[in-house]
Amino acid sequence: MKIAVASGKGGTGKTTVAVNLALSLQDIQLLDCDVEEPNANLFLQKSVDRVEDVSILVPQIDDDLCNCCGDCVAFCQYNALAALPNKVMVFESLCHGCGGCKLVCPEKAITETGRNIGYIEKSSGNGLDFYHGILCIGDAMASPLIQRLKCYADENKTIILDAPPGTACPMITTLKDVDYCILVTEPTPFGLHDLKLAVEVVEKMSIPAGIIINQDAEGYSEVEEFCKSKNIPIILRIPYDRRIAEMYSKGIPFAEELPGWKEKFREMYEQIKRIIE
Amino acid sequence: MKQLAIISGKGGTGKTTVTSSFAVLANNAVVADCDVDAANMHLLLNPQILSKHDFYGLSVASIDNQLCTECGLCKKHCRFDAINDNFCVESFQCEGCGVCKYVCPSDAISMETNKAGEAYESITRLGLLLAHAKLGIGEDASGKLIAVVREIAIRMAEENKADLILIDGPPGTGCAVIATLTGVDLALIVTEPTISGIHDLERALEVTSHFNIPALVCINKYDINEEMAREIEAMSNSHNAMIVGKLPFNKIPTEAMIVGKTVVEYASNTFTSNIEEMWSKVKEVLKL
Ligand code: SF4
Ligand code: SF4
């Protein structure tokens, strides 16, 4: 079973939920798909080993064979190729690796080579298999790295995926083929605004979803009204509590310290299981 | 005209709280909300849209099932796994490369233009000008839309002789942040003294150093972990980034947000005077 933890907006407590849930259950695999800011291991403090360098294919042009016809340049939708009078230049960081230029080149002057976009690390032990992907700083190709990371999913386990914030392509790539999505939000206007976008995604992808209200406090009931109107259950509330914020700041998963929380996460998990079945 | 980008590495550190307050404190600024994936500034500034520009992203493939013979060539060549077993294109997945159309022997595939979002020129309830945008869900062109928002902001600033563009940046350290930072005069990084805050601050400082952009740091909720706040100070120093503000853990930003106001309009106390002091320091660095 694959459960994604997502949120329209960053900083709502997505990673906190993913980590605490993983630590409350047995036989878990946790994949940190937030490859621009993979923070889950700051809370797990596991020693990790690099398992793979991830690259995408980019073209390499043989200047001897290239006659500068410009067909590849015309084909590339991402402006990754530019024709100079006597040469075609490749801008590797813009290339999405579609392979089209190689197909269209009439001179067979194009071959492909790997460009590194990041790497994957893992650790295991204590009933928790952990993987994360780390994207090279400034790189635009988060989705291919996430796709590669998801290949490590072990279907015999319960898999928790910590999704990147937002509702762009990397979040969608993470959510593809999951059985359930937990959306973490805060009871504020910003939280609600971004929750609505995230709900639009799970609806379009037909993924059953439940909502966790983090930093729950009185004063703003619109989030609840929205959940009701959309018929999405609120599966957990985490209170606004300075102790939780302080533990978070030190990298301590609060379910390890505050009594009763592991049970709450387990109950939530049972509820999710019932919904899926 | 100067450009100041407010970024954060990690999301949810209070970036928009700071930017919106600066917008009120600055006399003559244009605001650009470049967090196009989750734009929130409009919730505080309540803009009235003056003009709207459609933003087209990459096109999306579409298969005509009358012509499709299900030969499977498109599926085989699509590197983005965007064609499903029923020979329909999963539009979320499609990157618009056009390879399927090129290989299809039956001419069954066309590339359709795709409106990926909208950019707006607006005037806010405070009379401030705001450039902002909305990116459709699942779109992958945030860098390009950010460039459009920034162009609009620059044009508005020129037309109105504004001396500053205040940019609210996206979270992360990917291409969206780079599109936000290119060519700015100064970056203010809003962080928090948490283990993830400090980790992401380090990545953000690497980005600003890499592009030679002078950076300042604001520590939000500094009192939640003062030891870590000191670590942030040391890290910022080693990157030549001055700490311009330390804001305490406080409910005011949330309360202000609920009534749709910026904090400096909502209250007047030590929290807001901290923000005002920070603004004077930033102004000094920008030589405004
Ligand atoms: S592989 Fe695709 S994206 Fe890359 S240069 Fe060739 S046509 Fe452009
Ligand atoms: S345009 Fe490219 S990404 Fe889209 S379906 Fe065709 S081959 Fe796949």
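**Close-up views of a predicted two-chain model**

View 1. The model is predicted.

**View 2. The shell around ligand 1.** Chain A supplies the residues shown here, among them the cysteines A:C76, A:C95, A:C98 and A:C101. Around ligand 1 there are also A:P59, A:Y78, A:A80 and A:L81, as well as A:H96, A:G97, A:G99 and A:G100. The class count for this shell is 8 nonpolar, 4 polar and no charged residues.

**View 3. The interface of chain A and chain B.** In this view, 59 residues of chain A are in contact with 56 residues of chain B. The two chains bury about 5100 Å² between them, and 61% of that area is on carbon and sulfur atoms. Across the interface, 21 residue pairs are in polar contact, with both residues at pLDDT 80 or more. On the side of chain A that touches chain B, the elements giving two or more residues are helix 2 (40–44), helix 4 (100–104), strand 7 (128–135), helix 6 (169–175), helix 7 (189–204) and helix 9 (242–250) of chain A. Helix 7 of chain A provides the largest share of this side, 8 residues. By class, the side of chain A that touches chain B comprises 28 nonpolar, 19 polar and 12 charged residues.

**View 4. A salt bridge between the chains.** Side chains of opposite charge can pair when their charged atoms come close. Between chain A and chain B the count is 2 salt bridges. A:K176 pairs with B:D81 in a salt bridge, with the closest N and O atoms 4.0 Å apart.

**View 5. A salt bridge within chain A.** Over all chains, the structure holds 31 salt bridges. A:R148 and A:E52 form a salt bridge through their side chains, at 2.8 Å from N to O. Because A:R148 lies in helix 5 (residues 142–150) and A:E52 in strand 3 (residues 49–61) of chain A, the pair ties together parts that are 96 residues apart in sequence.

**View 6. Domains of each chain.** Chain A is assigned domain 1 (2–54 + 117–276) and domain 2 (63–108). Taken over C-alpha atoms, the centres of domain 1 and domain 2 of chain A are separated by 40 Å. For chain B the assignment gives domain 1 (2–56 + 118–286) and domain 2 (58–113). The C-alpha centres of domain 1 and domain 2 of chain B lie 40 Å apart.

Conventions
Residues are numbered from 1 along each chain as its sequence is written. Chains are lettered from A and ligands numbered from 1 in the order in which they are written. This is a predicted model: local features need pLDDT of at least 70, side-chain atom pairs count only at pLDDT 80 or more; totals for chains, interfaces and linings use all residues. Side-chain values use heavy atoms; hydrogens and water are left out. Contact means heavy atoms within 4.5 Å. Buried area is the accessible area (1.4 Å probe) that two parts lose on being put together, summed over both. A polar contact is a pair of N or O atoms within 3.5 Å; within protein, one must be able to donate a hydrogen and the other to accept it, and residues adjacent in sequence count only if both atoms are side-chain atoms. Helices (H or I, at least four residues) and strands (E, at least two) are DSSP runs, numbered from the N terminus. Ala, Val, Leu, Ile, Met, Phe, Trp, Tyr, Cys and Pro count as nonpolar, Asp, Glu, Lys and Arg as charged, and the others, Gly among them, as polar. A residue is near a molecule or strand if one of its heavy atoms lies within 4 Å of it. Domain bounds come from an automatic or database domain assignment.
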